[in-house]
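Hi,

Here is the structure I promised to pass on. Have a look at it first, and then read my notes below.

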Amino acid sequence: MKNIDKINSWNFYTKRLLFLFFLQTIFIAPVVAQNYDLTEIISIENSHINREKIKYLHLDLLMEKGGRIYIVADSEVMSELNGQSIPFILETHDFSPDNQLDISIQGGANGDFHSYVELERDLLDLENTFPDLAKVYDIGDSLENRNIYALKISDNVLSDEDEAETLFLGCHHAREWISVEVPFLLGKYLLENYHQDVFIQNLVDQSEIWIVPLVNPDGLEYSIHFYRYWRKNRRDNGDGTYGVDLNRNYGYQWGYDNNGSSPNTNSDVYRGTAPFSEPESLAIRDFSAQHHFSSLVSYHSYSQVILYPWGYTSLPTDQDVLLNVLAANMSQRMQTVNGRYYSFGQGSGSLYTTNGDTTDWSFGTYGIPSFTLELPPSSAQLGEFFNAEGDIQPIFQENLQAALYLIEWAAQNKSLPKDSIDNILRRHRSKITNTLKK
Ligand SMILES: [Zn+2]
């Protein structure tokens, strides 16, 4: 998600206080924290009726767990729920600092979404189950020494063959939990269907598919255990603030201006002290240098759009036609699955520019088709960074079609002479309009 400052300025400070100073907020708030409403965590039953009712209430949804939806609520929210006849339970006591250990032992408050440890286990499970097709690599360590994992999928997986390589990245931004699930499930799907599905088998045989589902493991863990809306990594900026926005820390046109990223350490789009100052973005840079990727997708949420370079300027790239056609075809295929429409267009064509992001860097450095895929929902009103557990599969299924298309394109592109691709693109171009809303 590109534009977080507007969503987050109020939420950020209230909720950080809420999580870090929970008991103080609750018990001392009437005296000390006059500027903040008394805030609680409550839960409601996760029923269809309740989900429909709360859609329009602008709630701060925390998570789903055990058949209940958890919400950050002040007195106004509670009276709104009362007005809608939605019963709720106070859950604040379960989130006190004293209980953090219990939550860790139980595997976190992340429900069906992966934590770092759960992802590590599931990736290694895939490698063990499909030793001929899957291999897990540790491509670098995070600031807090967690491993950044890459899953490789190919026939003859242990050898580096001359095949089209496609890279899928997830979770640069900690709170975008769905962006871990989509690339992970892509890997799982390719492996589980290889022997049953000739199309998948051909695709995998001709390709090397690389999946890094969790670029920001420290941030994700922080989001799960302490503060659901955390976005950046966990860099101690030395001035009382934490975190660098990893998707503003890449080295192409880094810090181009202060609109597309921020020099301020407390900003949610703080770009860091230098290009690739962070070990997590550095790991992706060094990993990419060891390969010849033909295309790249970096998953984010939310907005339901497919963005391509440039993000830092409104000028088009010299590959604008190609990027536009690929995005249009991905969008079209995705819509056939659940009817959900993904807008598409140049990154800077939306409301805000972005500098130092992954896709400007991969395109600017390697000239490869590069896409930021902002997963559903399409708007804040529909849940912003919160995706229901039941939506993981539908969102994955539609994104699977886009991913297969791009893998197939990369494989064909490798075997086709350049001029015939250009001719194909020219024929397609006339049918396609850029539909990204301004
Ligand atoms: Zn994001």
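This is a predicted model: local features need pLDDT of at least 70, side-chain atom pairs count only at pLDDT 80 or more; totals for chains, interfaces and linings use all residues.

**The whole chain**

The chain has 14 helices and 12 strands. Of its 438 residues, 47% are buried. If you take the contacts between residues at least 6 apart in sequence, 77% of them join residues at least 24 apart.

How confident is the predictor? The average pLDDT of the chain is 84, and 82% of the residues score at least 70. Two stretches fall below 50. One is residues 97-107, which has nine contacts in the model beyond near neighbours in sequence. The other is residues 430-438, with 15 contacts of that kind.

Most residues other than glycine have a negative phi, and most peptide bonds are trans. Here are some places in this model that go the other way.

Back to Tyr302: the peptide bond that leads from Ser301 into Tyr302 is cis, with omega near 0 degrees. The loop between β9 and β10 also holds Gln304. Gln304 isn't a glycine, yet its phi is positive, near 65 degrees. Is Gln304 buried or exposed? It has 21 other C-beta atoms within 10 Å, and the cut-off for buried is 20 or more, so Gln304 is buried.

Another cis peptide bond links Pro376 to Pro377, with omega at about 5 degrees. You'll find Pro377 in the loop between β12 (370-375) and α13 (392-415).

Then there's Cys171, in the loop that runs between β7 (164-169) and α7 (178-193). Its phi is positive, about 55 degrees, and Cys171 is not a glycine either. Cys171 counts as buried because it has 32 C-beta neighbours inside 10 Å.

**Two helices that pack**

Two packed helices are described by the angle between their axes and the distance between the axes. For α7 and α13, the angle is about 60 degrees and the axes are 9 Å apart. That angle makes α7 oblique to α13. The crossing of α7 past α13 is right-handed.

Which residues make the contact? From α7 they are Ile178, Glu181, Val182, Leu185, Leu186 and Tyr189, and from α13 they are Ile392, Ile395, Phe396, Asn399, Leu400 and Ala403. Sorted by class, the contact between α7 and α13 has 10 nonpolar residues, one polar and one charged.

With 18 other C-beta atoms within 10 Å, Ile200 is partly exposed. Setting aside neighbours within four places in sequence, Ile200 is in contact with Leu190, Asn193 and Tyr194. Ile200 and Leu404 are 204 residues apart in sequence, but their C-alpha atoms are 8.5 Å apart in space.

Happy clicking!

Technical notes: Residues are numbered from 1 along each chain as its sequence is written. Helices (H or I, at least four residues) and strands (E, at least two) are DSSP runs, numbered from the N terminus. A residue is buried if 20 or more other C-beta atoms lie within 10 Å of its own, exposed if 12 or fewer, and partly exposed in between; C-beta atoms are placed from the backbone. Two residues are in contact if their C-beta atoms, placed from the backbone, lie within 7 Å. Axes are lines fitted to C-alpha atoms, for helices over the stretch in contact, and angles run from 0 to 180 degrees between N-to-C directions. Angles under 35 degrees count as roughly parallel, over 145 as roughly antiparallel, 65 to 115 as roughly perpendicular and the rest as oblique. A crossing is left-handed if the near helix is turned anticlockwise from the far one by less than a right angle, and right-handed if clockwise. Ala, Val, Leu, Ile, Met, Phe, Trp, Tyr, Cys and Pro count as nonpolar, Asp, Glu, Lys and Arg as charged, and the others, Gly among them, as polar. pLDDT is the predictor's confidence in each residue, from 0 to 100.
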